[in-house]
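Could we walk through this structure together, feature by feature? I would like to learn how to read its contacts.

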Amino acid sequence: MKESVIKSMKDLPSTHLLGAGTAMCAGCGGLEVLHEIYDVLGAKTVFVNAAGCMTLLSTYPFTPFRGSWLYTSMASAAAGAQGVRDALDLLRRKGRMSVDEDLTAVVLAGDGSSYGMGLAATSAAIERGLDFVYICYDNEGYGNTGQQASGATPHAAHTATTVGPLGHRGWKKDLFAIWVAHRPAYAATVIGAEPVDLAQKIARAMSLSGPRLILALAPCPTGWDYDPQETVEIGRLAVRTGVFPLKEYVDGKVVHTKVPHPRMPVEAYLERQGRFAHLFTPSRNGAAITEIQSAVDAYWREVNNGSERAEIGRTP
Amino acid sequence: MTRVLLTGNGAAAWGARLADVDYVPAFPITPQTEIVETLARWTECGDLDARLVMLESEHSMITAAAAAAATGVRVFTATSSQGLLYGMEMVYTVTGWRAPFVLVNVSRALASPITLEPDHTDVLAARDSGFLQIHCASCQEVLDSVLIAYRLAEHEDVRLPVLVNEDGFYLSFTREPVELPEPEGVRRFLPPFASGGIEFRASKPISQAVAVLGGTPYSYFRYETHLAAESALAVYEGVADAFARAFGRCWPAVERYRSDDADLVFVMLGAFATKAKDAVDRLREAGWKIGLVRPRLLRPYPEDALRQALLGKRAAIVIDQNLSMGKGGVVHTELASALYGHAGAPMLVPFIAGLGGRDITPEEFYEMAKVAREAVVAGVAPRPRLLYTERELREVRKLQAIAAAERGGGSST
């Protein structure tokens, strides 16, 4: 897959590689994005999985993958990728495996692992320059256990552990900036609702070597409390309200690949999800909504001021 | 055959080098560090055609070790104590991958209180994981056991990781004369790594370590691992025989020292057993019919060999350098399970000793023998005794007095 080939929907791969009939929930934004990513990555991959929703994809004796799979633990998927990659390199160097048997090591981890328990192992893998692709499907909470608050939970969201009138007091951790601080080969944010932007980024990632992050916002009907049929629409709104900026880091610079213009008010995104319903009923919490809007505005103000630093803004 | 002076750690590193390992994921911890540093030097200088990678934790180290083994290369790694426990989730996880590799554990006591010196509570925490365990008492044994461990681990009937244990400080930092086997002889004894079809290749997609739903498939895979560990007992005998033929050194699953005609025997693991041997020699000189039985293999558990060594004895003095809080020693309880209901089972006289590097003096061995003889005469098996002298208790009382004085009167600010 050459990145230059993908310009519009009709350039996307017509063969879909990931099998159907998995245990994922209806309308799972993580599965949506994985379908799109896998079509471009291809089957010459070994998915090294961290404990999370996607662990249930490969349940004995079935798998939706045409390539390989290794489940590890919640904290050490990146170390698993290290072992696989190093072994493949050794086998090639020592002439015990031909080059056409080689595989791309791909970590598949949720936000619970990526933002928390797995972060030390991932940081160390990036610092060693490990040649791997890291996919984080971010549904902004410990989804597989019923959506408790994680390091990726956005401000004010209701989760199973943040049920008060103010919702989650903290702010979403900026995992993209944490990756970029390591100066990896590549980092990008993607969303299933923007498949062309996504495919271009996966193709670019595959044209590079070294540590590569694909951070995918994964709208979650069960965790975010909305009708499964709205997954694509909520994903679009995350981009158009500026809540989830689509961007990539390559050659030492952060570039925004889809700048929302005009940018819709955050309310358009928030009001569609049950996890933010307490901001609107029984009475409107104007202060909280303004606070979220201000954070998004501040982020984009810095972007428009030409800052290409990765550290800009606090992620809403 | 070259004879050199090596520490236990040096012997472990030589074992890995002679096994021609491909991959060494590493993380430093006292008293294991010399193993990592030695292998790092060899890989950097080209003496060993392997890749050594420093991970950020033992949890990651064991993950990387097993992932590489599951991709089809020969892997060596080493840790100790808190490191083994930090990696314990993966110690239990990776055995189910059926990807063989060798891990040397340099035994060190566990916190709290934090300390550096040895006992066996760390390695026994891995007892039920599916790792096979070989316990060593000399530097030569460490090197030889690493080579034996690879052949055992990679056998098609086994396919499990093997933990080779050496006691921190007493073995890890003690130099002993060690015979280095010729590389050519090792190559004949230990053929190149065969993946047995467990490997990741583009042409042969495979899903490893997948989830199961329900107890039926779960039990199936757990039973498979258990049966593989059990079959390792017979495989071990064959491997030890082949090793003895190739290199002239015998490493049975259970070592018996002057025990065949003995009435009383010490039973213990690891390097402190050499102290017991010395005590046996001196007690023999004084007319005692006493010996030593030392399990080298702890998993799989060599029950038959232990029964052969112990049935008909009057008492077994079991010295545990570990402590299962609220119960006692692990070696004692396991031995009881092996002997229960068998005619001629000896009385078990259990002691806890040698925790956190505490020495076991010759006089204490003599005293334990005396207690055992008296118990036999009385016909009553004693409860586990915690070895501790009055002098030690006085020393601790003194430390407590100093601590109290410092706290009470030391600070006026």
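Predicted model: local features only at pLDDT ≥ 70, side-chain atom pairs only at ≥ 80, totals over all residues.

Q: How many residues of chain B are in contact with chain A?
A: In general, the size of an interface is often given as the accessible area lost when the parts come together. Here we can count residues: 37 residues of chain B touch 36 residues of chain A.

Q: Which elements of chain B give two or more residues to that side?
A: They are strands E2 (23-26), E3 (51-54) and E9 (207-208), together with helices H3 (58-69) and H5 (88-94), of chain B. The most comes from H3(B), which gives 8 residues.

Q: And how does this side of chain B divide by class?
A: There are 22 nonpolar, 10 polar and 5 charged residues on the side of chain B that touches chain A.

Q: Which strand of chain A is joined to E9(B)?
A: Strand E2 (residues 68-71) of chain A is joined to E9(B) by 2 bridges, and the two run parallel. Trp69(A) has Ser207(B) as its bridge partner in E9(B).

Q: Turning to strands within one chain, what do E7(A) and E8(A) form?
A: A general idea first: in a regular strand the side chains alternate between the two faces of the sheet. In this case, E7 (residues 246-250) and E8 (residues 253-258) of chain A pair in the antiparallel sense over 5 bridges. E7(A) and E8(A) form a hairpin with 2 residues between them. Asp251(A), in the turn, has a positive phi of about 55°, and Val250(A) has Lys253(A) as its bridge partner in E8(A).

Q: At what angle do helices H1 and H6 of chain A pack?
A: H1 (residues 29-41) and H6 (residues 195-207) of chain A pack at about 40°, with their axes 9 Å apart. Because of that angle, H1(A) is oblique to H6(A). The crossing of H1(A) past H6(A) is right-handed.

Q: Which residues meet there?
A: From H1(A), Glu36(A), Ile37(A), Val40(A) and Leu41(A) meet residues of H6(A) including Leu198(A), Ile202(A) and Met206(A). By class, this contact of H1(A) with H6(A) has 9 nonpolar, no polar and 1 charged.

Q: How far apart are the axes of H2(A) and H4(A)?
A: The axes of H2 (residues 77-93) and H4 (residues 119-127) of chain A are 7 Å apart, at an angle of about 35°. Ala78(A), Ala79(A), Ala81(A) and Gln82(A) in H2(A) meet Ala121(A), Thr122(A) and Ala125(A) in H4(A). The residues of this contact of H2(A) with H4(A) are 5 nonpolar, 2 polar and no charged.

Definitions and conventions:
Residues numbered from 1 in each chain as written. Chains lettered and ligands numbered in written order. Contact = placed C-beta atoms within 7 Å. Helix = DSSP H or I, 4+ residues; strand = E, 2+ residues; numbered from the N terminus. Nonpolar A, V, L, I, M, F, W, Y, C, P; charged D, E, K, R; others polar. Pairing = 2+ DSSP bridges. Axes fitted to C-alpha atoms, helices over the stretch in contact; angles between N-to-C directions. Parallel < 35°, antiparallel > 145°, perpendicular 65-115°, else oblique. Left-handed = near helix turned anticlockwise from the far one by under 90°.
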